[in-house]
Amino acid sequence: LPIRYVISMRDEYIAQLDPVRRFANQLEDSFYHLNLLEKREATFAIQEPAKIFGYTYEPNCFSRIIQQLTKEDRFVEPAHLQLVCDKLWNEKGRELATIGQKDDQEVLVIREETFQELGETKGILKSFFTDFLSGLDKESMRETLEILEPLITASGTRNIIERDRLINVPFRD
């Protein structure tokens, strides 16, 4: 039977696919590497889906999203962009669902105020993490935080830790 798989993984783990490549030699044929987005690509990634689904962003809201997500004055992290836009749409969508649309042809606008109320980019990204943690029971939350803690240095940057060192911690069941 023809079987298709979608594998999504970070760059540093790609080498772990080597054993699979022996059995799936076409693996590289449909390989797609998602790079950081250029500003114009990020603009398209924000505006086009909005247009397709009948909404838009207020110009100030849109420009603040781009400005806050841009690194090195050039790049935008796709995952962060997705989290911010998804949160804004869900927030605005809930609001519109309770009020109801007066005119089917009306273009919905996600306003800058909504972005500010959610704490802008930092607040939205932080809420994603806290929402995830709040969905866990106490024991799972404790274990998750124990595993995540060593991944951030005291200065707040990423720390590279071996997988075994994270999982096989002494006295952890």
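This is a predicted model: local features need pLDDT of at least 70, side-chain atom pairs count only at pLDDT 80 or more; totals for chains, interfaces and linings use all residues.
Keep Tyr-13 selected. Tyr-13 sits in the segment before α1, the helix of residues 18-21. Its relative accessibility is 39%, so Tyr-13 counts as partly exposed, given that this class lies between 20% and 50%.

Next, select residues 39-52 and 59-69, which are helices α2 and α3. Two packed helices are described by the angle between their axes and the distance between the axes. For α2 and α3 the angle is about 135° and the axes are 11 Å apart. The two helices are therefore oblique to each other, as an angle has to be over 145 degrees to count as roughly antiparallel. Look along the pair for the handedness: α2 passes α3 in a right-handed crossing.

Then move on to the loop between β3 (70-71) and β4 (75-76), and select Glu-72 there. Glu-72 is not a glycine, yet its phi is positive, at about 55°. Most residues other than glycine have a negative phi. Glu-72 has a relative accessible area of 69% and is therefore exposed.

Is Asp-73 buried or exposed? With a relative accessibility of 63%, Asp-73 counts as exposed, since the cut-off for that class is over 50%.

Conventions
Residues are numbered from 1 along each chain as its sequence is written. Side-chain values use heavy atoms; hydrogens and water are left out. Helices (H or I, at least four residues) and strands (E, at least two) are DSSP runs, numbered from the N terminus. Buried means under 20% relative accessible area, exposed over 50%, partly exposed in between (1.4 Å probe, protein chains only). Axes are lines fitted to C-alpha atoms, for helices over the stretch in contact, and angles run from 0 to 180 degrees between N-to-C directions. Angles under 35 degrees count as roughly parallel, over 145 as roughly antiparallel, 65 to 115 as roughly perpendicular and the rest as oblique. A crossing is left-handed if the near helix is turned anticlockwise from the far one by less than a right angle, and right-handed if clockwise.
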